[in-house]
Amino acid sequence: DKLTDLPSFMEALLDIVLKIGVPIVALAIIYTGFLFVSAQGNSEKLTTAKKALMYTLIGAALLLGAWMLANAIVGTVDQIRTEAK
């Protein structure tokens with residue numbers, strides 16, 4: 001598979017980012033759960049756990065948004081190419 005055009009390059013790059021990002025998000029969610037369990041009612045530790053959960057969810061949303069945006073761009077470029085032929 002050669003990366004000679006923009007859509008195939010973006011697809012390959014997105015594939016790499018997702019293969020790395022999804023396991024990291026999963027591990028971050030597990031770690032956040034551990035923080036909640038280990039807080040044991042301590043308000044400072046609960047605040048830290050809530051912040052960690054918020055940042056994890058923001059990261060997951062950014063990863064999902066990047067995936068959606070890349071798919072939209074690839075689809076648009078492919079559509080333009082087929083209409084130009």
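**Packing of helices α1 and α2**

In the predicted model, helices α1 and α2 cross with a left-handed geometry. Helix α1 spans residues 6–39 and helix α2 residues 43–84; the two pack at an angle of about 165°, and their axes lie 9 Å apart. Because angles over 145 degrees count as roughly antiparallel, α1 is assigned a roughly antiparallel orientation relative to α2. The contact between α1 and α2 is formed by 24 nonpolar residues, together with five polar and four charged ones.

Within helix α2, attention is drawn to T56. This residue is buried, its relative accessible area being 11%, a value that falls under the 20% limit for burial. When residues up to four places away in sequence are left aside, T56 touches V25, A28, I29 and T32.

The loop between α1 and α2 contains Q40. Although Q40 is not a glycine, its phi is positive, at about 50°. Most residues other than glycine have a negative phi.

Methods. Residues numbered from 1 in each chain as written. Predicted model: local features only at pLDDT ≥ 70, side-chain atom pairs only at ≥ 80, totals over all residues. Heavy atoms only, no water. Axes fitted to C-alpha atoms, helices over the stretch in contact; angles between N-to-C directions. Helix = DSSP H or I, 4+ residues; strand = E, 2+ residues; numbered from the N terminus. Parallel < 35°, antiparallel > 145°, perpendicular 65-115°, else oblique. Left-handed = near helix turned anticlockwise from the far one by under 90°. Nonpolar A, V, L, I, M, F, W, Y, C, P; charged D, E, K, R; others polar. Buried < 20%, exposed > 50% of the residue type's maximum accessible area, 1.4 Å probe, protein only. Contact = heavy atoms within 4.5 Å.
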